[in-house]
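The points are grouped by topic.

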Amino acid sequence: MRASSFCLVPCVGVFLLGLVSAVTDDRQDKQVYVVYMGSLPSRPDYTPMSNHLSILQEVTGESSMEGRLVRSYERSFNGFAARLTESEREQLAEMEGVVSVFPNKKLQLQTTASWDFMGLKEGKNTKRNLAVESDTIVGVIDTGVWPESESFSGKGFGPPPKKWKGVCSGGKNFTCNNKLIGARDYTGEGTRDSEGHGSHTASTAAGNAVTGTSFFGIGNGTARGGVPAARIAAYKVCTATGCTTESILSAFDDAIADGVDVISISIGDDNAIPYEKDPIAIGAFHAMAKGILTVNSAGNSGPNPNSVVSVAPWILTVAASTTNREFLTKVVLQNGRTLSGRSVNAFDLKGKNYPLVEGTLGSQAKGKILVSRYPTISETAVATINVDYKNYASISPRPLSALSQYDFASLLSYVNSTKSPRGTVLKTEAVFNQKSPKVASFSSRGPNTLAVDLLKPDITAPGVEILAAYSPLGSPSLGDQRRVKYSVLSGTSMSCPHVAGVAAYIKTFHPDWSPSMIQSAIMTTAWSMNASETGVASTEFAYGAGHVDPIAALNPGLGYELNKADHIAFLCGLKYTSKTLKLITGEAVTCTGNTLPRNLNYPSMSAKLSGSRSPFTVTFNRTVTNLGTPNSTYNSKIVLNHGSKLSVKISPNVLSMKSVNEKQAFTVTVTGSGLDPKLPSSANLVWSDGTHNVRSPIRILTSNTHIYIYIYTLSSMEGRLVRSYKRSFNGFAARLTESEREQLAEMEGVVSVFPNKKLQLQTTASWDFMGLKEGKNTKRNLAVESDTIVGVIDTGVWPESESFSGKGFGPPPKKWKGVCSGGKNFTCNNKLIGARDYTGEGTRDLDGHGSHTASTAAGNAVTGASFFGIGNGTARGGVPAARIAAYNVCTDLGCKTDAVLSAFDDAIADGVDVISVSLGDDNAIPYEKDPIAIGAFHAMAKGIITVNAAGNSGPTPNSVASVAPWILTVAASTTNREFLTEVVIQNGKTLVGRSVNAFDLQGKNYPLVFQESQAKGKILVSEYSFSSKTAVATIIEGYNNYATISPRPLSALSPDDYDFLLSYNKSTK
């Protein structure tokens, strides 16, 4: 299966004044667009294809539509896909009868712990209505299906249901049967699944019960769908490169008309997009209007907030969570200790111990087990052990175990403290004892970015380490040559068909229930889940109403019903026009009054506040239908979630139902004040008659008013607003989707909107060389120098260094307005007068770069400084009597744009005199998008000079990154001192190399060798730039022309001297 590909929502810097690319056609700059025209007109003389051709001819001025019309949607809704120029697209978008025109994009696949875990037991242990189940058809829109799989065998099935109007158009050598009753292809490849994803999802939803399935013995058991007696129709819209918009709409168009009962679609965009431009929302709306429920995956961009992509209320949106089964791969060390890692490892090393070698070089690992903290799989090693960054197991093409950070550190300690460390990696085993369910880290989270008062996702279901049918043409993992019939996958792609199977299961007992009633039953009977931590990543925005419970959903007691008119009113509340809605629905629509989207009769309740501190009152209007027994009384109960300060009242608080299908309305009033945005503000409303417990989550979102002014479509700002710039200039940094970025960029008062990038650190033979001599040999104005403040924007500082000692200094200058916020155990003094941190790590320098630059600029004069005796002398700054303020904007991963801007914002207001910033981008970028140029401009306006590094990309022309005229840009050059490391050959010749080598071999001669494997106890001569861990020393060919520190004895020779050494070695025995 091809892995899901989702982009993290970028952090963007905004100054006040999808990733998915369109599928293009290479002819005359034309691009495929979808023209959506709403419902099919009801008049008998209307012919969709003729109308579509006529429209195209009018717009293009061409008589022949060959190569222009891609598809017509004419069975379930109205529209077409065509190749258009940009001007033709604009013209079409303005035409009467057109709802929207949008690019044909490629959506992504969102990739069983299973039915037993949910309570839907095998065989006779579960109540089933087999006669109706056999008449139920599940439509799966995906990568197709493998028709020969046992999961899709027609053995024992009668003919297809009479209502079936579909076809079997699977392509060459593709045969349907009485289980797999339909197949359509929209890719040109045929419906046969070459990826494995479609077979996996289809078998999870409705596959036959197949005993003895496993992945090479792992997870052995019965693979089955939620409704094994149901029929399947496969609609192939995806290839290895993605799933196009126009294909997805065609599949919906056909599936609705073919007569399916439930649609499962494990596909999605990178971001939520407007309903009228979202092919899944469009198709699902028309399916809903025909009584068909669409179940869709939430997306795999978690745990980022606002990442859920399926946000329409007429879609049941599914998150992914764990089951009580997990796949563990143990690492057994020779000392007897066992470490448990994650992977799906089908390889058996028979318990044999192998040497453990740390590193990343495959050549070191041959015949050994490679231990690497990087997510690599060695092709030469016997096995690989690395760090688990995913927290779930995936298939590896070679023996592998991914350990937790703690266990990996323990393994490294063993490897580094043991003379000959050895161990082995065992075959994966299934363990049934983990605490579940827990939402998977990859599962996309809310809040909903389109309809802020609609909670999404709706529900969670098993989506981690799921075993189901696969395609023998697909590779079970990247670079894997094995071929399998059943495989293990994880993703919301896997949780989606679980819920589709549950929906079909409910429909077999309640064939008259509407899609919304089935959705309500699933949501209101879900297992309650608790947030494992604060923040949106683990609340209702992760799991919705909770975990699906198939058995309880058969008998929910009460239901929240919605029809087409309710959804139209919801769209009215989102400011869709009556004209547009008439086209979509095919009916006359009048939007009246101020319809609040939060009053949609949805099983969950959510509202966003414009502020968090002021008192508020929010009401929700709901109506429930009695699905239980006559003469039943339901009492309301409010359960506040941990930490919630909400007050919730229900009116009326008792519902007396005299008859089945009776409807009664009630109002939920939520009040509160002073909500903490960092804590959950949620509760559960439970209606109970003693038998049924009908539960609905209530979620109140708070937001930061600063960002609410500018991005009115955002929901809770938790996880959105990153920083506000308000001391020295105006702006903010926020997590935005691409469409929000575009919207902001066009707003009045916005100068620029640009991505939050990671800048690079630009890393003294010294002051004497420049003529600024030590002590009294240089003229100084010490009184003013002591009042001078140098602001250093870098990696922070080491406050205990002698270079920053406050000894002998008076109090900070009166002009200083800064603070010392260095974090835990960080103390400023009268030299280091200020410290601020923008990384969350504190201002203490963990990298060294910031301490180096700060001491070079303004450090005290410290005598006897050296690097293990090398370069011994006085280390000092240019203005030793000056004060220093440190601003930490960098971690070991880089220096983020938003943090750099915050540092400038504060440094200017703090009162520094000079700003030193040894950071930069890879290239020069426009001033209005360059954080250093922006900050320096505002510094200049306040009389503060900014000094910036030119960059380390030389000698390439045009590589200087700091190019603003209000910045003093500095290149780097040598001094009259250099560090040389001599190599003395036994014949007496001395070669001069470069390095900072503090190791002393006492002049002893060692053999010279050229192979790393032969280097133990010898000196390795290598053309590659690395220092051997096994050799006594390493001699390499130097490319830098300057010396750097080596962790082991090393000298880098010039090319001429290196060639001489090679010649000596070859000619000497």
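**Annotated site and overall picture**

At a relative accessibility of 1%, Asp 142 counts as buried (under 20% relative accessible area; exposed is over 50%, and partly exposed lies in between, with a 1.4 Å probe and protein chains only). This is a predicted model, in which local features need pLDDT of at least 70, side-chain atom pairs count only at pLDDT 80 or more, and totals for chains, interfaces and linings use all residues. Residues are numbered from 1 along each chain as its sequence is written, and side-chain values use heavy atoms, leaving out hydrogens and water.

**Active-site annotation**

- The unreviewed UniProt entry annotates Asp 142, His 197 and Ser 493 as "active site"; positions follow the numbering used here, feature names are shortened, and such annotations may be inferred rather than shown by experiment.
- These residues span 352 residues in sequence, yet no two of their C-alpha atoms are more than 9.8 Å apart, so they gather at one spot.
- Asp 142 belongs to strand E7 (residues 137-142); strands (E, at least two residues) and helices (H or I, at least four) are DSSP runs numbered from the N terminus.
- The side chain of Asp 142 reaches the backbone nitrogen of Gly 198 at 3.2 Å.
- Ser 493 is located in helix H10 (residues 492-509) and is buried, with a relative accessible area of 0%.

**Phe 442**

- Phe 442 lies in the loop between strand E25 (429-431) and strand E26 (459-462), and is buried at 9% relative accessibility.
- Beyond neighbours within four places in sequence, Phe 442 has contacts that include Gly 299, Tyr 392, Ser 490 and Gly 491, where contact means heavy atoms within 4.5 Å.
- Phe 442 and Arg 422 are 20 residues apart along the chain, and their C-alpha atoms are separated by 34 Å.

**Helices**

- In helix H20 (residues 849-858), 7 of the 10 residues are buried, among them His 849, Thr 853 and Ala 858.

**Confidence**

- The protein chain has a mean pLDDT of 87, and 92% of its residues reach 70 or more; pLDDT is the predictor's confidence in each residue, from 0 to 100.
- Over residues 704-718 the pLDDT is below 50, and this stretch has 51 contacts in the model beyond near neighbours in sequence.
- Residues 760-765 also have pLDDT under 50, with 28 contacts beyond four places in sequence.
- Where pLDDT is low, the predicted coordinates should not be read in detail.

Definitions and conventions:
A polar contact is a pair of N or O atoms within 3.5 Å; within protein, one must be able to donate a hydrogen and the other to accept it, and residues adjacent in sequence count only if both atoms are side-chain atoms.
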